[in-house]
Structures are given as structure tokens and as C-alpha cells.
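Me: I have a model open and want to learn to read its features one by one. Can we go through them together?

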Amino acid sequence: MAEEAHSQVIDQVVQEALDKANLTATNLSAVAVTIGPGLSLCLRVGVRKARKLAGSFNLPIIGIHHMEAHALVARLIERELQFPFMALLISGGHNLLILAHDLGHYIQLGTTIDDAIGEAYDKTAKWLGLDMSRSGGPALEELAREGDAESIKFSTPMKQHKDCNFSYAGLKTQVRLAIESKNINAEIPISSASSQDRRSRADIAASFQRVAVLHLEERCDRAIEWARKIEPSIKHLVVSGGVASNQYVRARLDHVVTKNSLQLVCPPPKLCTDNGVMVAWTGIEHFCMGRFDPPPPADEHEDYMYDLRPRWPLGEEFAEGRSEARSLRTARIHPSLTSIIQASLQQQ
């Protein structure tokens, strides 16, 4: 279904982008396209379109790492943001803490060992009968403002693990049990709930949000300590990805960053959720460094095997940050972006 939805609108979306910019394809210098990580069926739609466009107009093509794009779009907004810096990338599918040494050179300080924070927000919102039309996160954040964040004592994930990795599966289970114990029926939308039922839902939303974000705070605190051992000169923490548009998340992380004498850099909400600008900007950064592929042939065969990287780490794991839980999963399929770029630099 996702692939079909992509296919139906890709031509129109690309044309709209050109029209809004008052450009035609002949004005382009290159084409940047996400090649991973993500669902391969959906990645293929974008890559096919990008290669067709680049082939037709003899343009170089730049394959982009989706999570690198989230981290680097902050440099478009904040021109003061120089390497090295730290980034926390939080979305429906990813939780990632990285140290960005340089363009294409990243150290992974922490990642999620099961569910990402955005997925936990969406599931909780769904179980609370919230309006999912905008996605669950914004609806839950809104309801949480009405609730008592101390009313339910959810336990903070991974307290016993002194690393920077994340886990939200256990918190989701705690929330589900709390919802069941209060006999909340998700079939009854929040708009139709009684005032007492609404208060119960708001208390769960607020308590969930407090603990979910406290987990982020604790991990960021430790990651800053680790990053400073490697790069004492860091001055900024970038927070990006869909969940970074949540105002409560921003306020709590701003507190952590200020306490550690760093500056918080958050792109505006429309550049936090997945967008084309971040892919274009990351393409520009790599293009200026001479990192791009030659134009594809104009008549590329339909059966051409595209370079898609559904599971593609951004950086090499920090030795202290290796998670035993995660190492049991053979999640690493493709060599990391960092290792590929470092290898090509050595060859030069």
C-alpha cells in the first residue's frame, strides 16, 4: 500500500517542487535521492524516478542516507553549526544518538534496541482513542497538557543499563496495562469521552510523555559525557526527526543541553518531519565535496538492480556503546555510510 501511494504521487510531487521553485529540469545541477534506510519497496519508487530524471537530463546523482539528512538539515538553518557536533535523531522508526566528526564521518553513541519513541507515541495515542489523522504524536502532546504527569508511576526504561541505547517496548506494555486497568475503550473517541474518562486518558498521556522523554534526557546526558571524551570541542546538540517537533521534548532537552553548557539546535517543525529539503541539502553538501555518481543511462532497463539499502547504519558503533541485546540481532546488512566514505578517502 505504501509503495502504491508513493507511485501514484511521485511524478506530481517532483513537478510541483520544480514549479514552485520556478525551475525546469534543465536548470538542475544534480539529483539527490534517499537510498536508505527504509522500506525497500518505497525506496525503489524514489530511486527509479531520480534515475529517470538524472538520465534524461544527463545529471549526476547522489545517494543519500535518510538519517544523515535529518542531522545535516540543521546546517541549512543554523549557519554557525560547524563539525564536530552531536545529534539526537528521533522519529517513528529511529532513535539515534551520534557524534558528527565531519561530513560522512559519524560515531554511533546509541540507538534503539526495539521500538523508537515515535512508535510509542503513536501506539499510546491509538490506545487512548485519539485523532490519528495528523499522526498520534501531536494529539497525545495536546492531551498530555490536561493531565497530571505524576499520577501514574511508569518505570523509566533501561535504568540498569549504563549506556546510551533506547528501548520503548517495555514502556508501551506498561501503558497498555494502565489503560486496561482504567477500562478505557479506544473505540470511544476522546471527543465523546465523559469528563472523568477524559481526565484518566489525559493522566496516562502526561505520565507516558514524562517517562518517555525522561529516557531521552538520561541517554542524552550520558552521550554528551561520552562525546566530550572523544571531541572536547563540541558546542551543539542537534535534535531532529518527526518527534523533534514536539514542544515538550524540545523544552526538556533544552534543559539538558543548557545544564551541559551546550546549545540546542532544532530545525523548524516542517524540516523535522520527513521532507525533500533535507535530502536536497545533504546532496549539496556531498556534491560540493565531489561525492556523486555519474549520470545514469537515459534508456536504463526496467529490470535494472537499484542500489537500495533498507538496513544501513549511519556510523560505526562507539566501543562503550555496544548493546549486548542489539548484537544478538543481525540488523547490520550494509556497511555503514561512514565506513564506505572513509574507505574511499583512503583509496584517494
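Reply: Start with a loop. This is a predicted model, and M158 lies in the loop between α5 (136-144) and α6 (169-181).

Me: What is the value of phi of M158?

Reply: The general idea comes first. Most residues other than glycine have a negative phi. Phi of M158 is positive, near 55°, and M158 is not a glycine.

Me: Does M158 count as buried or exposed?

Reply: Buried means under 20% relative accessible area. M158 has 10% relative accessibility, so M158 counts as buried.

Me: Which other residue has a positive phi although it is not a glycine?

Reply: S261, with a phi of about 60°. S261 sits in the loop between α8 and β7. Exposed means over 50%. At 64% relative accessibility, S261 therefore counts as exposed.

Me: Next, peptide bonds. Where is a cis bond with omega near -15°?

Reply: Most peptide bonds are trans. The bond from G36 to P37 is cis, with that omega. P37 belongs to the loop between β1 (31-36) and α2 (40-56). F83 and P84 are also joined by a cis peptide bond, with omega about -5°. P84 is in the loop between α3 and β3.

Me: What does H101 touch, beyond residues up to four places away in sequence?

Reply: F83 and P84 are among its contacts, along with I107, I230 and E231. The side chains of H101 and E231 make a polar contact at 2.7 Å. H101 is part of strand β4 (residues 95-102). H101 counts as buried because its relative accessibility is 17%. Its strand is mostly covered: seven of the eight residues of β4 are buried.

Me: How many bridges pair β4 with β3?

Reply: Read the pairing, then the turn. Strand β3 (residues 85-90) pairs with β4 over six bridges, in the antiparallel sense. F85 faces A100 of β4 across that pairing. The two strands form a hairpin, with four residues between them.

Me: What joins β4 to β5?

Reply: Six bridges, and these strands run antiparallel. Strand β5 covers residues 105-111. I98 stands opposite Q108 in β5. β4 and β5 form a hairpin with two residues between them. In the turn, G104 has a positive phi of about 80°.

Me: What is the strand order in the open sheet?

Reply: Follow the partners across. The six strands run β7-β6-β3-β4-β5-β8, with mixed pairing. β7 (263-265) and β8 stand at the edges with a single partner strand each, so one side of each has no neighbour in the sheet. α3 packs on the sheet and touches β3, β4, β5, β6 (236-240) and β7. The direction of α3 makes about 125° with that of β3. Helix α8 (residues 247-259) packs on the sheet too, touching β3, β6 and β7. Its direction makes about 150° with that of β7.

Me: Last, a helix. Which residues of α12 are buried?

Reply: In helix α12 (residues 337-347), they are L337, T338 and I341. Seen down the axis of α12, the buried residues fall within an arc of 95°, so they line one face of the helix. Q346 and Q347, on the other side, are exposed.

Me: What do the buried residues of α12 pack against?

Reply: They pack against β2 (61-65), α3 (66-77), β5, α10 (276-288) and β8 (316-317).

Technical notes. Residues are numbered from 1 along each chain as its sequence is written. This is a predicted model: local features need pLDDT of at least 70, side-chain atom pairs count only at pLDDT 80 or more; totals for chains, interfaces and linings use all residues. Side-chain values use heavy atoms; hydrogens and water are left out. Buried means under 20% relative accessible area, exposed over 50%, partly exposed in between (1.4 Å probe, protein chains only). A polar contact is a pair of N or O atoms within 3.5 Å; within protein, one must be able to donate a hydrogen and the other to accept it, and residues adjacent in sequence count only if both atoms are side-chain atoms. Contact means heavy atoms within 4.5 Å. Two strands pair if DSSP finds at least two bridges between them. The arc is that of the directions from the helix axis to the C-beta atoms. Axes are lines fitted to C-alpha atoms, for helices over the stretch in contact, and angles run from 0 to 180 degrees between N-to-C directions.
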